[in-house]
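Have the sequence and the model side by side. The text below walks through them one chain at a time.

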Amino acid sequence: MTGVIEISGLTRAFGATVAVSDLDLTFAAGGRHAVIGPNGAGKTTLLNLIAGELRPTSGRIRYDGRDVTRTARAKRSRLGIARTFQQPTVWSSLSVADNIALAAWPHAGTRGTWRRRRYRTLSESCERHLETVGITDLADRPAGALAHGERRMLDIAMALAADPRVLLLDEPAAGLTEQGVARLLAAVRALPAEVTVVVVEHDFAFVSAVADTVTVLHDGKLLATGTPAEIAADASVRTAYLGDLGEPGVVEEVR
Amino acid sequence: MSAPTSPVTPSGSADPSVETEPVMPTVRASQTARTILSSPRLRVGAPATAAAVLLLIAPSTFDGYGIGLLSKALALGVLAVSVVVLAGFAGLPSVGQAAPFMVGAYTAGIMGQHGHGIGVVQLVCGAGAAAGFAAVTGLVVIRTRELAFLMTTLAVGELAVAVAGQWHSLTGGTDGMYGIPPVRPVPGTALLDSDKSVYWYVLAATVVVVAVAWRVLRSPVGKLLLACRDHEARMRSAGHPVTLYQWLAYVAAGALAGFGGVLMCTVNEYVSPADGSFANSALVLLAVVLGGATSPLGALLGAGLIVATRDWLSGPFPGHGPLLLGLMFIIAVYALPNGVAGVKVRLPRRPGGSA
Amino acid sequence: MGALNAHLVPAVDGVAYGLLLYVAAAGLTLLFGIGGVLNIAHGTLFALGGYLAATVSDGSWSSALLGLAVAVVGGTLGGAVLAVGTAPLVERGELPQALLTFGLALVGGDILSTVYGGDEHPVVVPHAVNGTVHFFGHVYPTYRLMFIVIAAVLAVAGTLVLGRTRVGALLRATADDRAMVGAMGYAPWRVHAALCAAAGALAGLAGGLGAPIIGPGPDTADKVLMLSMVVIVLGGPGSVLGAFVAAVAVGEIETLGVSISSDWAPYLLFGMMAAALIVRALRGGLGGVGIAMPGKARA
């Protein structure tokens, strides 16, 4: 069982604005993929379409060969597609530990998790996710009281707790300190090899460090695909952005 | 209302007793007062102990009228707890909870008039009928949001009252059902034919049902509901069947409301469409507002406070009950600054946001 | 054919009733769909308009017109009270505002019943229209026919304002995105106040004009509120054409339905509303607000 995402003819229009136009893409199983592009290129829309937050105007999305174009968001999540959000969203009234447990709950495979004892077992097994993103000491803090960086880490931990086969990360490095980015990198690298990762990012250094393949979107259309090195050298990509991306490997935040 | 935002307090000082919202520094005094009342953890603090003492000594200190008033407050209190479940925990601020309350009351009334006078049986049947009512109406109500949800629950409630007034053969029409015979709690016990005996029965039933509700709300089930309230979309993204949870919460709240309705019927020995009126729905909403959105105990205290105030004020101003209730509403809405005591309407789906 | 004849008069009555509900519900929709406020005091404003008109008009045309004017002014003032009351609550969401309007409704209703007592207050209609008209062998109350004409004109005028004028476009834009309109330079407070005043004026007008049809009395406020909400839910929040069809349908149920079988009418109302909600829920949710003009697609 692989975690391959196949997209064909995917289009999403909002009235007169076409955010994503006739995309044909495949995210190979177990790969580390990045999606980049100038603001407004349709990257987040693409993630929303894959995750099921949005329905496409036309086109198909296949997950492991199964057509999920019409499948509801919650169902897709239970099938193994997890995501983080551009603005990290958490459940503010609940503690950090509860947030992770609730995120893991539909994927835990045990029945009757609503019973106290089983819930506690689940919660304990989720502690490792807190460690992975480094927020173990915040476990009992109400999630609404977290600072932005901590909230981002919690958001990521919640996605990891779902034990996904496909992990969609929407600008995970935004607003993180260097230390946070390092931890994020470590967490992504620590993922099992079978998990397919799709990262939307602006930080090209992060992209180079994480991704095997980079897909460039521009105005909702596919501009280029290749390894990070190929993309960094691609002239059409450079002109799509305002100004140079810089040399491959140089840290540059393009905003 | 407000999306989860970065809080104002520095990370190290988040108050663990404020579980419902991030702390805003503006109005600390009422915040503290609210915190005391709204803590979901059973802080057996001053108000709770005082209330418990009052409830226990009431039959020997109050007259028949006072005891009856207290019994009614308890019945409405159970209805208020159902609002805690829906509005406080699930984030569904229904303004029509008096409808299942009325369904429960009529069930008890009809049973009583047909000779089925066992208290616990009436309670079970009333709660069941109300749950059925909620199950059916919930199928459509659950799919609405925000303003449409408010309007739909209001409309369902009003129509239920209209139907109750129309269905003479079943309900006795707008005049209501008089002279419902007193019940005996369990087969073999004495008939509850005095204010005091009815009071103890109502008190016992209230304590039991609220304790059960409280336990369930403190369990992982309560966490599920709170998360749906905080961010429904995130719950869906995580794989939870949110619509199912909300429908179940709606049915459970209906059952609770029906339970309260049966108690009200037992106290009054009379049922009428007025039991389902919007005034009742709004009254218990106000009680929840006063007591803290996620506190069943606070809801009970709030209901008691409103019933007592209304009664106390109706002495010098007879016949102006609605006016007094209306003024209480207006004052309460302005005086409670942090939204309606944390009763959050779910996050708007539209990017423009709601008012 | 005989049965049809017997029901023709109630059927025409139903159109009048329906048009009255349409005008009345317009005020509620204005605040609900555009202002984001569930105005529970809506029925109270209608009743206020009716009471004021009934007090002033004494059978002459001049007093009738004066009564109508007083009703509109009264409704507008009521709307102003609403505006002032809800203004500080706008950022706090729908529930606090709805609860406030409920408080105002309770207070207002109590004042009305104190001033006017608990009886029905029939309004005196100008003598010229206080009779009947013979039409194709049937006898219709003149006022109802006149009312149908007036209300139809109002409805058409309102639709034109909404669809063809700049004010109408602004209203529709506000319904879609309130924040955006603020960004366009229209002071949100002014828009809110204008909406409340307009809604109050409409309710007062409907109450005054429709007083011979739905007279002011102790139950008027609740009844009109409930029927207005049913019209909005049935017609689809924000749909102009839908509300019209729904209003006439409800009007027919309340008149024709009652004359055919007075027992089943309320159930029919309940059933229709439930059916409409179910159909709409199955088709995809009732969360939307905004104004859908007939013939124009919504984005």
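In chain C, 52% of the 299 residues are buried. This is a predicted model. The secondary structure of chain C comes to eleven helices and two strands. Start at the N terminus and follow the order of elements: α-α-α-α-β-β-α-α-α-α-α-α-α. Now take the contacts in chain C between residues at least 6 apart in sequence: 77% of them join residues at least 24 apart.

Turn to chain B. Along the sequence, the pattern reads α-α-α-α-α-α-α-α-α-α-α-α-α-α. Chain B has 355 residues, and 58% of them are buried. Among its contacts between residues at least 6 apart in sequence, 78% join residues at least 24 apart.

One helix of chain B to inspect is α4(B), residues 98-113. Does its length fit its residue count, or what span should one expect? At 1.5 Å a residue, the 16 residues of α4(B) should span 22 Å. The end C-alpha atoms are 22 Å apart, so the model agrees with that expectation. Helix α4(B) is also mostly covered, with 15 of its 16 residues buried. Just after this helix comes B:G115, which takes a positive phi of about 90 degrees.Move on along chain B to the loop between α11 (242-268) and α12 (278-291), where B:E269 is found. B:E269 has a positive phi of about 55 degrees, although it is not a glycine. Is B:E269 buried, exposed or partly exposed? There are 17 other C-beta atoms within 10 Å of B:E269, so it counts as partly exposed. The cut-off for buried is 20 or more.

Next comes a helix pair. Two packed helices are described by the angle between their axes and the distance between the axes. The axes of α12(B) and α14(B), the latter residues 321-335, come within 11 Å. They cross at roughly 35 degrees. The crossing of α12(B) and α14(B) is left-handed. Which residues meet there? From α12(B) come B:A279, B:A282, B:L283, B:L286, B:V289 and B:L290. They meet B:L325, B:M328, B:F329 and B:A332 in α14(B). An α-helix has 3.6 residues a turn, so residues three or four places apart point the same way. That spacing can be traced in the contact list, for example from B:A279 to B:A282 and from B:L325 to B:M328.

Chain A brings in strands. Begin with β8(A), residues 196-200. Five of its five residues are buried, so by the cut-off of 20 or more C-beta neighbours within 10 Å the strand is mostly covered. In a regular strand the side chains alternate between the two faces of the sheet. In β8(A), A:T196, A:V198 and A:V200 lie on one side. A:V197 and A:V199 lie on the other. Both faces are covered, as these residues are all buried.

Which strands pair with β8(A)? One is β3(A), residues 32-36, which runs parallel to β8(A) and is joined to it by four bridges. Within this pairing, A:A34 stands opposite A:V199. Another is β7(A), residues 166-170, also parallel to β8(A), with five bridges. Here A:L167 has A:V197 as its bridge partner.

Strand β3(A) is itself mostly covered, with five of its five residues buried. A:R32, A:A34 and A:I36 point one way from the strand. A:H33 and A:V35 point the other way, and all are buried. Besides β8(A), the strand β3(A) pairs with β9(A), residues 213-218, in the parallel sense over four bridges. The bridge partner of A:V35 in β9(A) is A:T215.

Return to β7(A) and follow the chain onward. Strand β7(A), helix α7(A) (residues 178-189) and β8(A) make a right-handed β-α-β unit. The loop between β7 and α7 of chain A holds A:E171. This residue has a positive phi of about 45 degrees although it is not a glycine. Is A:E171 buried or exposed? A:E171 has 20 C-beta neighbours inside 10 Å, so it counts as buried.

Conventions:
Residues are numbered from 1 along each chain as its sequence is written. Chains are lettered from A and ligands numbered from 1 in the order in which they are written. This is a predicted model: local features need pLDDT of at least 70, side-chain atom pairs count only at pLDDT 80 or more; totals for chains, interfaces and linings use all residues. A residue is buried if 20 or more other C-beta atoms lie within 10 Å of its own, exposed if 12 or fewer, and partly exposed in between; C-beta atoms are placed from the backbone. Two strands pair if DSSP finds at least two bridges between them. A crossover is right-handed if, with the strands pointing away from the viewer, the path from the first strand over the helix to the second runs clockwise. Two residues are in contact if their C-beta atoms, placed from the backbone, lie within 7 Å. The expected span of a helix is 1.5 Å times one less than its number of residues. Axes are lines fitted to C-alpha atoms, for helices over the stretch in contact, and angles run from 0 to 180 degrees between N-to-C directions. A crossing is left-handed if the near helix is turned anticlockwise from the far one by less than a right angle, and right-handed if clockwise.
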